[in-house]
Amino acid sequence: MKRSKINYLIDKAHSLAETFRVYLPDFAFLTVEDWQQQNCDEWREVLDLQLGWDITDFGRGDFNQMGLTLLTLRNGSLRHVGYSKPYAEKMLQIQQYQQTPWHFHMYKMEDIVNRGGGDLCMQFVWSTPDGDFDRQKRVEVSVDGRRRCIKPGETLVLKPGQGVCLPPQLYHRFWAEKTFVLGWEISMINDDQHDNHFLEPGGRFPAVEEDTPAKWLLCSEYARLR
Ligand SMILES: [Fe+2]
C-alpha cells in the first residue's frame, strides 16, 4: 500500500470515530513526530504489544475491495513476560462492500460487534483439521446470547448493536452493506503473527510503498523507534 493512502486512511479513521462519538486513547493520536519526542520506556506496553493503528489490504493490493482499518486498544501476550492480560479489544472500521477474507483463528475466541452504521454481513464454515472447508458440519453461533443455526456459507446480517461470538477453528468472512460499519472486536489474546489461518494466502500486514513521509506509524512499524 502507498504511504499516502495509509496517512489518509488514519486521518479518516480519526474523523469516523469522532462522528460516532468514540473517544480514542492517547497513543491513537501520536504522529511519527510525536513518537520521536516520547520517552519510549513509558510506552513499552504499547510498543511490545503493538497497540495502535493497523491498516491492511490482506496482501491483495486492492484496499477498497479487500481490506480493514483496525485500532488495537488492548491486548496481552503469552510470548512477552509481564503482560498477563488474557483479553484484547479492537476497533474495526469497515468501508461499504469492503471484505475481510476467509480466515479462522487457531486459539482465539472473538466477539465481533456492529457498533453502528450499516449492516455487518458475515459467513461461517467450520474448518477441517487440515484447514479446508467442512461444508457438512452445521454452524451454531451465539448472537448476543441467542443461539442461531446457520447453514455453512449462509449470510448472517448483524444490525447495529448486534454481535456474534466466534469460536476458534470456525472460518469466517465479513463485509459491510448499506454504508460504512463501525465494528468492534472483543477477544482472547490476539496474536496476528501465529494465530490466524487464511484460506487463501495473502499477508496480514501490508508492504508499504514510501511515496510520501509517514504521518502515522502502523503498529507493525514500532521497531523503527527502538
Ligand atoms: Fe477473525
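1. Helices (H or I, at least four residues) and strands (E, at least two) are taken here as DSSP runs, numbered from the N terminus. Residues are numbered from 1 along each chain as its sequence is written. The model is predicted, so that local features need pLDDT of at least 70 and side-chain atom pairs count only at pLDDT 80 or more, while totals for chains, interfaces and linings use all residues.

2. On these terms the protein chain has three helices and twelve strands. Its radius of gyration is 17 Å, close to the 17 Å that the globule rule gives for 226 residues, so the chain is as compact as a globular protein of that length; the radius is taken over C-alpha atoms, and the rule is 2.2 Å times the number of residues to the power 0.38. Along the principal axes, the C-alpha trace spans about 55 × 40 × 30 Å.

3. Two residues are in contact if their C-beta atoms, placed from the backbone, lie within 7 Å. Among contacts in the protein chain with a separation of 6 or more, 77% are accounted for by residues 24 or more positions apart.

4. A residue is called buried if 20 or more other C-beta atoms lie within 10 Å of its own, exposed if 12 or fewer, and partly exposed in between, with C-beta atoms placed from the backbone. Buried residues make up 32% of the 226 residues. A nonpolar core is a set of buried Ala, Val, Leu, Ile, Met, Phe, Trp, Tyr and Cys residues joined through C-beta atoms within 7 Å. The largest such core has 42 residues, of which Ile10, Trp53, Ile55, Ile94, Leu120 and Met122 touch the most other members. Elements giving two or more residues to this core include helix 1 (3–19), helix 3 (44–49), strand 5 (110–127) and strand 11 (170–188). Leaving aside neighbours within four places in sequence, Met122 is in contact with Leu156, Leu158, Val164, His172 and Phe174.

5. Which residues of helix 1 are buried? They are Ile6, Leu9, Ile10 and Ala13, and, seen down the helix axis, the buried residues fall within an arc of 100°, so they line one face of the helix; the arc is that of the directions from the helix axis to the C-beta atoms. These buried residues pack against strand 1, strand 2 and strand 3, whereas Asp11, Ser15, Glu18 and Thr19 are exposed on the other side.

6. Leu92, found in strand 3, is buried, with 22 other C-beta atoms within 10 Å. Beyond its neighbours within four places in sequence, Leu92 is in contact with Leu68, Leu70, Gly183, Trp184 and Glu185. Arg74, found in strand 2, counts as partly exposed, with 17 C-beta neighbours inside 10 Å. The C-alpha atoms of Arg74 and Val46 are 8.7 Å apart, although 28 residues separate the two in sequence.

7. Some backbone angles deserve a look. Tyr97, in the loop between strand 3 and strand 4 (99–105), has a positive phi near 70° in a residue other than glycine, and with 13 C-beta neighbours inside 10 Å it counts as partly exposed. Asp144, in the loop between strand 7 (139–143) and strand 8 (146–150), likewise has a positive phi, near 50°. Helix 1 is followed by Arg21, whose phi is positive and near 55°.
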